[in-house]
Amino acid sequence: CEALCTRLAIMVNGQFKCLGSLQHIKTKFGKGFNLTAKVNPPAGDTGNGPDTGPLKSLVAQYFPSHEIEDEHYGQVQFRINHEHGDGITWSTIFRFMEENREELKVIDYQLSQTTLEQVFLKFAKEQSNHD
C-alpha cells in the first residue's frame, strides 16, 4: 500500500476514522517509535546469551511509557510510546542510545517510526462485531 497510495482512508464500523497522506496518518495515529537494540554477548559466552537486563532497565528509566515487543538472544525490540508535547523525539532517543551505547554493550540499534501496519491494528481493535 505504501508504494501505491498517496492518500489513505480508514473505516471502522462503517465510519471514516481518518483520511490523509501515509505520513500524516502514521504521525497522527501512531503510538511512537520502534527501537530495536542488539547487545554484544560476553566473551566466553556459555550459551546463556547476552545480558539485556541493563538495557531494559535503563530504557524503562528514561522512557517509562515503553513496551517490550519482542526479545530473543540479545536483541530487544521496544515500542517507545509518546504523546505530542512529552519531549520524546527522534533526537532524544538517538542521544540516549549514543550516550549509553558502550555502557550497555549495544553493538547495533535501529530506530523507526510506527508502521502503517501498527496503525491499522490500532484501528482494528476498535472494530466491533455486529451480527
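The model is predicted: local features need pLDDT of at least 70, side-chain atom pairs count only at pLDDT 80 or more, and totals for chains, interfaces and linings use all residues. Numbering starts from 1 along each chain as its sequence is written, and side-chain values use heavy atoms, leaving out hydrogens and water.

**Stop 1: the sheet.** Select β4, β5, β3 and β6. They form an open sheet of 4 strands, in the order β4-β5-β3-β6, with antiparallel pairing. The edge strands are β4 (66–72) and β6 (106–113), and each pairs on one side only. From one strand to the next, the twist averages 15°. Strands (E, at least two residues) and helices (H or I, at least four) are DSSP runs, numbered from the N terminus. Two strands pair if DSSP finds at least two bridges between them.

**Stop 2: β3 against β6.** Select residues 32–39, which are β3. This strand pairs with β6 over 7 bridges, in the antiparallel sense. Now pick Ala37. Its bridge partner in β6 is Tyr109.

**Stop 3: the helix.** Select α3, residues 90–104. Helix α3 lies across β3, β5 (75–81) and β6, contact being heavy atoms within 4.5 Å. The helix runs at about 170° to β6. Axes are lines fitted to C-alpha atoms, for helices over the stretch in contact, and angles run from 0 to 180 degrees between N-to-C directions.

**Stop 4: two loops.** Go to Asn13, in the loop between β1 (8–12) and β2 (15–20). Asn13 is not a glycine, yet its phi is positive, about 50°. Then select Tyr73, in the loop between β4 and β5. Tyr73 also is a residue other than glycine with a positive phi, near 35°.
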